[in-house]
Amino acid sequence: MKKDVVIKITGIQIAQGDRDVVELITTGQFCRRNKSYYIMYEESEATGFQGARTTLRFDPTQQRVTMSRHGSVESQLIVEKGRRHQCNYETGYGSMTIGVSGDEIRSTLTDEGGNIFFRYSLDLNTALTSENQVDIIVSPANDAKVN
């Protein structure tokens, strides 16, 4: 059963020596199906993907995070510790195939919410383009407020 939640996402991207930090607090839904946890939210103008819905699936058995966007943009990133996946990524200006290499995945997610953290690097034609980390906190909507 889907629960209404508050989702706090902190993303850090390091590219060519520059460090960019983005923080987003939004509302969405959270649920567990079989053994996987799902975090779902609508993108906004602030993220640059207005009209898209993002679904993050965490499979604790395979230690894999799959992030899919559908709607105004279509993309999918697969982060799996110790593996490289080729993924389609829509930038809003066009799509490209990128390599995604998973470095670390940690989670305290339960049916009530919790935290998931993952680190990965992106490459184009095997040339490193950025190192990234994402920290997501999921809280029941009645326990937290969106600022």
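**Notebook: strands, turns and a core**

I began with Gln29, whose bridge partner in β3 is Met40. My model is a predicted one, where local features need pLDDT of at least 70, side-chain atom pairs count only at pLDDT 80 or more, and totals for chains, interfaces and linings use all residues. Residues are numbered from 1 along each chain as its sequence is written, and side-chain values use heavy atoms, with hydrogens and water left out.

**Entry 1: around β3**

A note on terms: strands are DSSP runs of E with at least two residues, numbered from the N terminus. Two strands pair if DSSP finds at least two bridges between them. I found that β2 and β3 pair over five bridges in the antiparallel sense. What sits between these two strands? They form a hairpin with two residues between them, and Asn34 in that turn has a positive phi of about 55 degrees.

On its other pairing, β3 meets strand β4 (residues 52-59) through six antiparallel bridges. I looked up one partner there: Ile39 is bridged to Leu56 in β4.

Is β3 mostly covered or mostly open? Strand β3 (residues 36-42) is mostly covered, with six of its seven residues buried. Buried means under 20% relative accessible area, using a 1.4 Å probe and protein chains only.

**Entry 2: β1 and its partners**

I then went to strand β1 (residues 3-15), which is joined to strand β2 (residues 18-33) by 13 bridges, running antiparallel. Lys8 stands opposite Ile25 in β2. This hairpin also has two residues between its strands, and Gln16 takes a positive phi near 50 degrees.

β1 is also joined to strand β10 (residues 127-140), again antiparallel, by 10 bridges. Here I noted Gly11, with Val134 as its bridge partner in β10.

**Entry 3: the core**

Which residues touch the most other members of the largest nonpolar core? Out of 27 residues, they are Ile39, Val65, Val100, Ile116, Phe118, Tyr120 and Ile136. Strand β9 (residues 114-124) gives the largest share of this core, four residues. Such a core is a set of buried Ala, Val, Leu, Ile, Met, Phe, Trp, Tyr and Cys residues joined through side-chain atoms within 4.5 Å.

I checked the contacts (heavy atoms within 4.5 Å) of Val100, skipping residues up to four places away in sequence: among them are Leu77, Cys87, Tyr120 and Leu122.

**Entry 4: Ser68**

My last stop was Ser68, in strand β5 (residues 64-71). Why does Ser68 count as buried? Because its relative accessibility is 12%. Beyond its neighbours within four places in sequence, Ser68 is in contact with Arg53, Thr54, Thr55, Ser75 and Gln76.

Conventions. Buried means under 20% relative accessible area, exposed over 50%, partly exposed in between (1.4 Å probe, protein chains only).
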